[in-house]
Amino acid sequence: MIRKQALPIDLKNSVIRDSFWSPKQQLILDTVIDYQEKVLNDQIPGAEKSHAVANFRIAAGLEEGEFYGMVFQDTDVAKWLEGVAYSLTIRPDPDLEKRADAVIEIIARAQQPDGYLNTYFTIKEPEHKYQNLLECHELYCAGHMMEAAVAYYEATGKDVLLKVMENMADNIAEHIGPGKIEGVPGHPEVEIGLMRMYHTTGKEKYRDMAQYFIDRRGEDPSWFQKERQQRDWEHYPMNPADTKYNQSYAPVRQQKTAEGHAVRAVYLFTAMADLASSTGDESLLLACETLWENIVQKRMYVTGSIGSTVEGEAFTIDYDLPNDTAYAETCAAIGMVFFSKQMLDITLDGKYADIIELELYNGILSGMQLDGQRFFYVNPLEVNPGVSGELYGYRHVLPQRPGWYACACCPTNTVRLITSLGKYAFSENPQTIFANLFIGGEFDLDKARIQVESQYPWQGDITYRIQPKAETAFSIALRIPHFAKNAVVSVNGEVQQADREKGYVYLLRKWKEDDLVRVTFEMPVRRIYANPAVRANAGRVALMRGPLVYCMEGTDNPGLLQSLHLPRDSRFVIHPAEDGVLKGNLILTAQGLQNVCGPELYSDEPPQQKPVTLTAIPYYTWGNRGLNQMLVWIPE
C-alpha cells in the first residue's frame with residue numbers, strides 16, 4: 001500500500017540564507033506583504049480597487065456598504081494571511097502579527113451563527129447559498145481560508161481561524177454530500193484545504209469530505225447542467241456542458257490528459273495525490289502519474305508555465321504551445337509546484353523536484369516585478385508592443401506588469417509560495433534526509449542539523465555541513481539535476497562513487513560532527529529544442545543555464561527581435577550585469593546575425609545578414625526596464 005515515503009520539514013526548522021532567495025524573501029517581508037495589505041485595504045492610489053477587507057467588515061456588521069469585487073474576493077485575504085503566517089516563521093514581527101490577528105477577528109465576526117463564511121453571499125445574496133457551485137466559488141473560498149487557518153496555527157499556535165474553518169467545514173458537510181447536494185466545487189481547492197486540516201487536526205472527517213469531492217467529480221458529467229436547471233439565476237454565464245473546463249468530464253481515475261482551466265486542474269491533482277498517499281489508493285496515484293506526465297511531456301512551456309489559451313485559461317491539446325498568446329498563469333505554475341511536491345514525497349523521484357525547481361526560477365518569479373510592487377497574471381514567452389495587450393486575441397498578454405488586478409489571485413499566491421520555500425528544500429523519512437533543492441541556509445532535521453552554502457543558480461557548487469543527532473548510520477540523498485551529467489559528490493574531500501537512483505545520490509554512513517559534503521557540476525549554456533510538433537518553435541532555440549531560462553529583450557538587442565538569428569556554432573560569453581535593476585544576475589552574449597531588408601512588404605530579394613551581438617537575460621527578470629520586445633525562442 002502506498003504512503004508518503006518522505007515528509008517535508010517543519011517550516012520553523014528552516015532558515016534560508018541564500019544569495020539568490022534570501023533577497024527575494026526579504027523583499028516580500030520588507031515590501032510586498034505591507035504593499036498587499038494596503039491594496040487589500042484600498043490604500044494604494046492608482047491600484048485596482050480591492051475592497052476585500054472591507055467586505056469582511058461589512059459582513060461582520062462593523063460598517064455599512066455593498067459587496068465589491070469578484071465572487072471569490074475573500075481568497076485574496078486568505079492567501080495574504082497564509083503568506084503572513086509563513087513570514088512570521090522567517091522573521092517574527094509582533095506588529096504584523098497583531099494586524100493579522102485583527103483581520104482574523106473580523107473574519108471570525110463575519111462568520112454566521114451556523115458556521116457559514118462567505119462575504120459575497122452573506123452581504124449580497126444570502127438566499128442563494130450553495131445553489132451555484134459551478135460559478136460561485138464558495139468552496140474555493142473556503143479551501144483557501146482553510147489553508148490560511150492551518151498555516152497561521154502552525155506559525156503562531158493561535159487557533160481562532162482554525163476553529164472558524166472547522167465550523168465552516170461542518171457547515172459544508174451539513175449541506176453537501178450523499179443524500180444532500182450531491183455536487184462538487186466548480187473550482188477545486190477545498191480538497192487541498194480539507195486535507196491540510198486533516199493532517200493538522202487528525203480528524204478523519206476532513207479527509208472523508210475531500211475524498212467525497214474527489215470521488216464524486218466526473219461520476220455524473222451532467223451534474224452542473226442539472227444544477228443549472230434547478231435555479232432561475234446565474235452569476236457568470238459559464239457553460240455547464242463544458243465538462244472539460246472543470247475536470248468533470250470523467251471520473252478522476254479515468255482521466256488521462258490534463259484538460260480545462262489549468263489552475264483548477266493542478267489544484268485538483270494536488271489534492272488527489274495527497275489523498276492517494278493518505279489512503280493508499282494506488283489507482284488514484286496512477287491517475288496522478290499519468291496526468292503529471294501528460295503535462296510535463298506534452299503541455300508545458302519551457303519556462304514551466306502551463307495553460308496555453310486565454311479561452312478558459314486552459315490547456316488545449318498536446319504540443320499546442322503558442323508563445324505570444326500563451327496564458328501561462330502564475331497561479332498555474334504555483335499549482336504545479338504543489339502537485340509536484342506531493343508526487344515527490346510519495347515517490348522520491350527527482351524528476352518531480354526538477355519541475356519544482358523549473359517553476360520556482362522561471363514561471364513563478366517572472367510573475368513579480370523586481371521591486372515587488374507590480375505583478376503579471378499572464379507570463380508569455382513572446383511580447384511585441386503594439387500587439388501584446390492591445391490587439392484582439394492578444395489583450396491578455398500585457399507587456400508590462402500592473403500594480404494589481406480585479407482578479408488578484410496571483411500576487412498573494414506568489415507571496416505564500418516564496419515565504420514557504422523552506423519546506424520544499426528538504427524532506428525526511430526514518431532512514432534518509434533528502435536534499436531536494438540547492439538553497440542555502442540552516443535546516444534542523446530529525447537526524448541532523450545541516451548548514452548549506454550554495455552558489456546556485458549561478459554556479460553548480462553546493463556544500464552541506466552535517467551536525468548529526470543520530471548515533472547510527474543514515475543516508476543523505478542529494479538530488480542531482482537532470483542536466484548535470486558530470487556531477488561530482490565528495491565527503492570531506494574524498495570523491496564518492498555513488499550511483500544515482502531516481503535522480504538522487506545516496507550517501508550512507510555514520511556521520512560525524514562537521515562532516516562536509518560537496519556537490520559540484522558544470523553549468524554550460526544549453527540550447528533547448530522543442531519537439532517538431534510544437535508549431536510555434538520550428539527553427540527556433542531556447543537558452544538555459546542551470547535551472548534558468550533566458551530570453552532576449554529589445555533593450556539589449558538591435559532592431560526587431562524576430563530579425564535576429566543565433567548561428568548554431570556561436571559561443572556564449574557569461575558575465576555579470578553590473579548596474580541597473582539586473583545587477584546581481586548573469587547575462588549571456590553571443591555573436592548573431594540580423595536580417596536587414598528594405599521597406600517593401602514583400603520582395604524577391606533575400607535580406608542581407610549583418611553581424612551583431614545578441615544579449616540574453618534571465619527570463620524572470622524581463623519587463624523591468626520599460627516597454628520593449630521580449631522573446632524566449634530565438635530563430636536559429
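The crossing of α9 and α11 is left-handed, meaning that the near helix is turned anticlockwise from the far one by less than a right angle (clockwise would be right-handed). This is a predicted model, in which local features need pLDDT of at least 70 and side-chain atom pairs count only at pLDDT 80 or more, while totals for chains, interfaces and linings use all residues. Residues are numbered from 1 along each chain as its sequence is written, and side-chain values use heavy atoms, with hydrogens and water left out. Helices (H or I, at least four residues) and strands (E, at least two) are DSSP runs, numbered from the N terminus.

**Helix α9 against α11**

- Helix α9 spans residues 204–216 and helix α11 residues 262–279; their axes come within 10 Å and cross at roughly 125°. Axes here are lines fitted to C-alpha atoms, for helices over the stretch in contact, and angles run from 0 to 180 degrees between N-to-C directions.
- α9 and α11 are therefore oblique to each other; angles under 35 degrees count as roughly parallel, over 145 as roughly antiparallel, 65 to 115 as roughly perpendicular and the rest as oblique.
- On the α9 side, R207, Q211 and I214 meet L268, A271, M272, L275, S278 and T279 of α11, where contact means heavy atoms within 4.5 Å.
- The residues of this contact of α9 with α11 divide into five nonpolar, three polar and one charged. Ala, Val, Leu, Ile, Met, Phe, Trp, Tyr, Cys and Pro count as nonpolar, Asp, Glu, Lys and Arg as charged, and the others, Gly among them, as polar.

**Helix α11 against α13**

- α11 also packs with α13, at an angle of about 15° and with the axes 8 Å apart, so α11 and α13 are roughly parallel to each other.
- The α11 residues in this contact include Y267, F269 and D274, and those of α13 include C331, F338 and F339.
- By class, the contact of α11 with α13 has 13 nonpolar, four polar and one charged residues.
- The crossing of α11 and α13 is left-handed.

**Helix α6 against α7**

- The axes of α6 (residues 138–156) and α7 (residues 160–175) come within 8 Å and cross at roughly 150°, which means that α6 is roughly antiparallel to α7.
- The crossing of α6 and α7 is left-handed.
- Among the residues that meet are M145, M146 and Y153 in α6, and L161, M165 and I172 in α7.
- The contact of α6 with α7 divides into 14 nonpolar, no polar and no charged residues.

**Aromatic pairs**

- The structure holds 26 aromatic pairs: rings of Phe, Tyr and Trp (its six-membered ring) pair if their centres lie within 6.5 Å, and planes under 30 degrees apart count as stacked, over 60 as edge-to-face and the rest as tilted.
- One of them joins Y327 and Y377 edge-to-face, at 5.9 Å centre to centre and 75° between the planes.
- This pair links distant parts of the chain, 50 residues apart: Y327 lies in the loop between α12 and α13, and Y377 in the loop between α14 and β3.
- Y327 counts as buried because its relative accessibility is 7%, and Y377 is buried too, at 8%. Buried means under 20% relative accessible area, exposed over 50% and partly exposed in between (1.4 Å probe, protein chains only).
- Ring pairs also link F20, W21, Y361, F438, Y456, W458, F483, F521 and Y620 into a cluster.

**A buried asparagine**

- N537 sits in the loop between β15 (525–528) and β16 (540–545).
- With a relative accessible area of 7%, N537 is buried.
- Not counting residues up to four places away in sequence, N537 touches N323, A530 and W633.
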